[in-house]
Amino acid sequence: RPDGRFVLLDACNLSSKTARDFDELTDAGSAIDAVLHLHPFHTVSVATMHDRLPGARLYGTERHIAKNPDLPWQSGRTNEASVHEEFADVLEFSVPDGVDFISDNENVHFSSVLAYHRASGTIHADDTIMYVELPRVLGLLGIDDAFTFHPTLSQALEQRAGAADDFRRWAAALASDWGDAKSLCAAHTAALVTTGGKEPAISKRLAKAIDAVEQTLARHEKRYG
């Protein structure tokens, strides 16, 4: 942030090396201003990270709070505009339209709050956008790494008329507004860092990902309108 302190997005277990780097960068965590939990279904390491950073302000979604009711949560939720405005000095946020933010189906992990750190050109996306790095030999054959929307989209779309088109417009706006991104920090797999070489730009990858779900959206429109 402009004052030199940091915002941490989400939580995970840290390897020994990562923990050392983390502590060196953040003065053993004392420079962390706030922790923002952005994916409702990523809750495993919430309490552990809070124990590590007890002085950091803690923000989450309704599901984070429900799963960890004894933690000192701030009143704002990470999917709310008030929190987005609070951290607008360093981050931009986007919440997918047309889909359930917290699905009743515990296996549908599509939606999350996406964050964009424009200064570094990095999009932080939990599950909503996925990236899988394929073996190098496939790249030599002209096969790109997998850059897709989470496969539970069809289950996440709201069961109402217009939901598919709302999602379509949201995705198109994301590709336009954040099209200058250079990197994607995705959950579970690898980070994508484009170097200006032969790799397709993030904007082109997003456009392909949108095209790839068009049949899913069309089927939903056929059923619900």
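## Ground rules

Buried means under 20% relative accessible area, exposed means over 50%, and partly exposed is in between (1.4 Å probe, protein chains only). This is a predicted model, where local features need pLDDT of at least 70 and side-chain atom pairs count only at pLDDT 80 or more, while totals for chains, interfaces and linings use all residues. Residues are numbered from 1 along each chain as its sequence is written, and side-chain values use heavy atoms, with hydrogens and water left out.

## Cysteines

How many disulfides does the structure hold? The count is 0, a disulfide being a pair of cysteine sulfur atoms within 2.5 Å. For Cys12, the closest cysteine sulfur is in Cys185, and at 9.1 Å that's too far for a bond.

Cys185 is partly exposed at 33% relative accessibility, and Cys12 is also partly exposed, at 46%.

## The largest pocket

Cys185 turns up again here. The largest pocket has a volume of about 1,200 Å³, the volume being the space filled by probe spheres set on grid points joined across faces, edges and corners. Of its 38 lining residues, the closest to the centre are Leu8, Leu9, Asp10, His124 and Cys185. On a 1 Å grid over the protein atoms alone, a pocket is an open set of points where a 1.4 Å probe fits, with protein on both sides within 12 Å along at least five of seven lines; lining residues have an atom within 4 Å of a point.

By class, the lining has 22 nonpolar, 12 polar and 4 charged residues. Asp, Glu, Lys and Arg count as charged, Ala, Val, Leu, Ile, Met, Phe, Trp, Tyr, Cys and Pro as nonpolar, and the others, Gly among them, as polar.

## Salt bridges

There are 18 salt bridges in the structure, each a side-chain nitrogen of Lys or Arg within 4 Å of a carboxyl oxygen of Asp or Glu. In one of them, Arg57 pairs with Asp33, with the closest N and O atoms 3.0 Å apart. Arg57 sits in strand β3 and Asp33 in strand β2, so the pair ties together parts 24 residues apart in sequence. Helices (H or I, at least four residues) and strands (E, at least two) are DSSP runs, numbered from the N terminus. Asp33 is buried at 10%, whereas Arg57 is partly exposed at 24%.

Arg168 has a salt bridge to Asp165 (2.8 Å, N to O) and another to Glu214 (2.9 Å, N to O). The Glu214 pair links helix α7 to helix α9, 46 residues apart. Shared partners join Glu158, Arg160, Asp165, Asp166, Arg168, Arg169, Glu214 and Glu221 into one network.
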